Amino acid sequence: MDEISRRDFLVLSALTGVGITKGLAVAAAVAQDPAGPAPDWFDRPMRWAQLTLVENDPGRYDPQFWLDYFSRIHADAACLSAGGVVAYYPTKIPLHHRSAWMRDTDPFGTLFDGCRRNNMAVIARTDPHATHQDVHDAHPDWIAVDADGRKRRHWASPELWVTCALGPYNFEFMTEVHKEIASRYRVDGIFGNRWSGSGMCYCEHCQRNFRAAYGLDLPRTTDPRDPARRAYLAWQEQRLFELWRLWDREIRAINPRARFIANAGGGALSPLDMKTVGRIADILFADRQARRGLMPIWANGKNAKEYRAVLGAKPIGGIFSVGVEEPYRWKDSVQSEPEIRMWVADGTANGMRPWFTKFSGELYDRRWLATVEKIYTWHHRVERYLRNERPLARVGLVYSQQTATYYGGDRARERVEDHTLGFYHALIEARVPFEMVHDRLLDRERLQAFKLLILPNVACLSDVQCDELRAFVRDGGGIVSTFETSLYDEQGTPRTDFALADLFGARRTGPVEGPMHNSYLRLQHGANGRVHPLLAGLEDTPRMINGVWRVPVAPASASTDALLTLIPSYPDLPMEMVYPRGERPDLPQLLARDVDRGRVVYFPWDIDRTFWEVLSADHGRLIANAVEWATNEERPVTVSGAGLLDVTIWRQRSSMTVHLVNLTNPMMMKGPVRELIPVGEQRVRVRIPDGDAVARVQLLVADATPRVERSSTYLDVTVPSITDHEVVAIDFR
Ligand SMILES: [Zn+2]
């Protein structure tokens with residue numbers, strides 16, 4: 001299987017050239033796979049346990065301790081180390097390195113049998129990214145090669161070698177490993193960790209196969225405008241999906257219930273097309289183990305939303321580490337209980353099933369055991385309220401891998417992701433329940449659930465995607481959009497004007513300006529004292545700060561209301577020179593209008609990215625107002641009270657749940673949290689769907705019955721206090 005198959009070659013050939021688009025090549029290749037019937041185990045597990053053995057665990061650690069722990073915490077599924085860089089079972093495959101400590105035992109088999117006795121689902125973990133000297137000597141061509149032609153030693157364990165993910169090591173050797181594991185043990189699946197490579201590889205196979213597919217040499221640049229780089233991105237993705245499907249097929253041939261489960265996926269910066277991932281995976285795990293640096297707690301919920309955008313109701317495990325996840329990689333560390341609790345709570349509130357991961361069977365620091373036990377015991381008790389059927393949020397925040405790849409390139413974090421993070425935080429502050437939406441899933445059926453779509457500088461949009469957005473507005477949907485949205489096509493080729501100019505009611509008049517210093521916005525309050533809802537809460541000021549980058553635009557028609565206009569930059573030093581040099585009331589900085597049956601708001605500047613950088617309260621207010629106005633309907637749930645909460649709302653089979661995750665904490669924006677600080681009373685107003693009659697209301701964390709006022713359409717629930725997490729569960733008759 002080292003060579004590209006003829007079918008894939010034909011697919012690729014048809015798409016060769018500058019017209020290649022990463023996801024499309026893959027979609028074309030994958031579309032030919034018939035989807036088999038889904039076995040029923042995927043949706044059963046609610047709580048996962050992962051034990052990754054280290055090589056010297058066998059003979060030293062106590063497997064029974066772990067099995068007892070799994071049982072005590074009601075874990076109903078496990079992921080256990082099996083093979084790859086180290087085999088923990090008596091493998092017969094030449095060069096598959098057995099743990100030097102296991103002698104004639106079967107550490108994987110022992111844990112596997114014990115978990116089965118506990119009635120747990122079990123998947124085997126393999127990690128192919130590194131290998132030993134004997135493999136290097138026997139098959140030097142299996143080793144990854146750097147840009148200078150040198151074989152790559154492992155960066156952290158220099159006695160090991162880094163393998164090539166796209167050549168025979170994975171396609172042949174690891175295929176045999178996966179077949180052996182699936183044959184020896186009736187595992188429910190094989191979880192591939194670090195299976196997709198460790199950076200660009202220039203080995204002989206990669207060179208030859210890429211040349212065969214595209215007639216090009218491997219690129220030496222990361223510039224997405226370079227044709228070879230573009231072709232490489234498409235080829236690498238196609239090759240990885242081919243590998244995924246190969247392993248999946250071989251595992252299923254042995255056990256039709258089992259799957260290859262790739263450690264893959266994420267948001268806009270994720271390299272594999274999520275639309276394809278969502279189609280081929282029956283179950284998936286989001287491997288964001290803890291936060292680091294300036295990452296808010298809600299990042300775990302964001303991860304859940306990104307996965308669910310493409311997987312829908314398929315089960316998604318939220319992998320959390322009990323340790324510190326900073327670049328210095330203290331893998332044997334333990335985080336504080338409040339930090340772990342809040343991280344997991346936000347994942348659960350957003351639809352992920354908890355999965356703890358622990359490295360090393362021998363424990364040096366046991367403090368995490370009780371924390372996970374508390375979380376899992378509660379989760380088990382209220383499990384039936386966590387089997388979500390669908391979210392009830394009406395707002396969708398669009399993310400775009402094609403924008404990150406072709407417009408963002410090396411700077412995708414700042415040029416693409418920071419815009420999304422700004423909206424994300426503003427929506428959390430405004431307590432708006434929302435989902436994330438993949439930009440390649442904008443068809444009418446997918447969008448039915450939504451009343452509003454947010455396009456945070458979604459620069460790259462195809463004509464078809466723009467048509468889908470127009471149809472959404474025609475159907476009564478609203479749009480809030482910013483900056484360079486639709487100024488590029490799906491391959492990052494600039495357009496002369498916005499493809500969505502008709503929706504925005506604006507046309508571009510010049511190149512992007514910035515970074516702007518000391519620029520402001522004039523608020524055009526109505527002369528009669530009437531405050532437009534978009535400027536609500538900002539009545540006390542005639543001006544506010546601007547963003548940092550702007551696209552010069554002119555309104556398409558003179559009748560467009562300009563609620564915000566530009567006050568251009570003026571000197572910020574010396575202080576004697578700091579006075580405005582005139583205004584531009586002719587240059588709108590906010591365009592808001594009714595279009596068909598929907599409402600469209602367009603900010604021709606980076607309000608979202610600037611909000612993420614600066615967190616100006618005025619910008620947050622403006623974003624919240626824009627979302628409220630363009631949605632133009634009542635929210636499914638409104639929560640009032642002090643504090644910062646992540647609010648999500650779900651439909652269950654015979655109930656509704658509202659999750660309130662208390663993010664109010666001095667360490668909210670930079671962990672780790674040291675203590676849980678309760679917020680006071682929250683009033684939760686839920687719209688009761690037509691036809692549902694409320695039978696019972698509970699607070700699942702407080703384990704109490706709250707004060708409730710009912711009317712025909714609303715339920716007003718008083719939540720006296722929230723420590724880290726509360727769930728309002730509403731049972732229907
Ligand atoms: Zn290679």
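Donors are N, O and S atoms within 2.8 Å of the metal, or 3.2 Å for Na, K and Ca; water is not among the atoms, so sites may look incomplete. This is a predicted model, where local features need pLDDT of at least 70 and side-chain atom pairs count only at pLDDT 80 or more, while totals for chains, interfaces and linings use all residues. Residues are numbered from 1 along each chain as its sequence is written, and side-chain values use heavy atoms, leaving out hydrogens and water.

I start with the zinc ion. Along the chain, its donors follow the spacing C-x36-C-x1-C-x2-C. They are the SG atoms of Cys164, Cys201, Cys203 and Cys206, lying 2.3 Å from the zinc ion. The angles among the four donor atoms are 103 to 116°, and the site is tetrahedral (for four donors, all angles between 85 and 135 degrees). Cys201 and Cys206 are buried, meaning under 20% relative accessible area with a 1.4 Å probe, protein chains only.

Next, Trp161. Is Trp161 buried or exposed? Trp161 is buried, because its relative accessible area is 7%. In sequence, Ile143 is 18 residues apart from Trp161, yet their C-alpha atoms are separated by 6.7 Å. Trp161 also touches Ile143, a contact being heavy atoms within 4.5 Å. Not counting residues up to four places away in sequence, other residues that Trp161 touches include His129, His132, Lys151 and Arg153. Gln133 is on that list too, and a polar contact of 2.9 Å joins the side chains of Trp161 and Gln133. A polar contact is a pair of N or O atoms within 3.5 Å; within protein, one must be able to donate a hydrogen and the other to accept it, and residues adjacent in sequence count only if both atoms are side-chain atoms.

Conventions
Tetrahedral: all angles 85-135°; square planar, octahedral: opposite > 155°, others 65-115°. Buried < 20%, exposed > 50% of the residue type's maximum accessible area, 1.4 Å probe, protein only.
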